[in-house]
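Dear colleague,

I would be grateful if you could read the two side by side.

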Amino acid sequence: MDVIEESGNKIVVKLKGIPIQYANALRRICLSGVPTFAIDDVVIIENSSVLADEGVAHRLAMTPLRTDLSRFVEPSACDCHSELGCSKCRVLLMLDSGVSDTTRTVTSSDLSSEDEVVKPVSSNIPIIVLAPGQKLKVEAYARLGRGNEHAKWNSSTVAVLTQTNNPEEHILTVETVGNLTPSEVIRAAIDELEKRLGEFQQTMATLG
Ligand SMILES: [Zn+2]
């Protein structure tokens, strides 16, 4: 695999000597098969805004969070076996707008995370507009999930495969919103593909 281009949230790599089916499986895993963090459970403590609680929860769920795959596991794979989760499978983010006497926009910068890495990828994502006297206070729980369960966990925004003149070579372009870097996505996707192929081989072996 050769890196042709890498800049910010985009990477272009050349895959050599890989059958098209594997290249395509890798592309699909890059898109929605690598775990990322997203807010999944929101406890509304106070909401006097015009947006309903479900609207607030949706806005928070769609806020991309920087993801660290080295310290966290998906809840289904965590040994806490707890619905509430633990420090290895969930991160708490708090938002308390306070009350202002002017109209203001609450943004992702108002979300404070208990983790120093898992936090919004950008500080200026608008969440809600509050009129004077209105207040929003929530606890939001983020966890790892995959885009094939819900789009909020998509690991990339773009994952495209293009042909070259050489049938043995394919060009893979991956773009992310910054929850993971594109090279982190590709590395995790290769691990995931190897794991799936291993499991498939085992299944075939037991079938004899
Ligand atoms: Zn846990």
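In what order do the four strands of the open sheet lie? Please note that the model is predicted. The order is 1-2-10-9, and the strands pair in the antiparallel sense. Strand 1 (2–7) and strand 9 (158–163) stand at the edges with a single partner strand each, so one side of each has no neighbour in the sheet. On average, neighbouring strands are turned by 15° against each other, direction ignored.

Strand 1 is joined to strand 2 (residues 10–16) by five bridges in an antiparallel pairing. Among the residues involved, Asp2 has Lys14 of strand 2 as its bridge partner.

Helix 3 lies across strand 1, strand 2 and strand 10 (169–175), and runs at about 35° to strand 2. Helix 3 (residues 182–207) also packs against helix 1 (residues 20–32), at an angle of about 120° and with the axes 9 Å apart. The two helices are therefore oblique to each other, and their crossing is right-handed. On the side of helix 1, Ala25, Leu26, Ile29 and Cys30 take part; they meet Val185, Ile186, Ala189, Ile190, Glu192 and Leu193 of helix 3. Nine residues of this contact are nonpolar, none is polar and one is charged.

As to the overall division, the chain has domain 1 (2–33 + 155–207) and domain 2 (36–146). Their centres, taken over C-alpha atoms, are 30 Å apart. Eight residues of domain 1 and nine residues of domain 2 form the contact. On the domain 1 side, three are nonpolar, five are polar and none is charged.

With kind regards

Terms used
Residues are numbered from 1 along each chain as its sequence is written. This is a predicted model: local features need pLDDT of at least 70, side-chain atom pairs count only at pLDDT 80 or more; totals for chains, interfaces and linings use all residues. Domain bounds come from an automatic or database domain assignment. Two residues are in contact if their C-beta atoms, placed from the backbone, lie within 7 Å. Ala, Val, Leu, Ile, Met, Phe, Trp, Tyr, Cys and Pro count as nonpolar, Asp, Glu, Lys and Arg as charged, and the others, Gly among them, as polar. Axes are lines fitted to C-alpha atoms, for helices over the stretch in contact, and angles run from 0 to 180 degrees between N-to-C directions. Angles under 35 degrees count as roughly parallel, over 145 as roughly antiparallel, 65 to 115 as roughly perpendicular and the rest as oblique. A crossing is left-handed if the near helix is turned anticlockwise from the far one by less than a right angle, and right-handed if clockwise. Two strands pair if DSSP finds at least two bridges between them.
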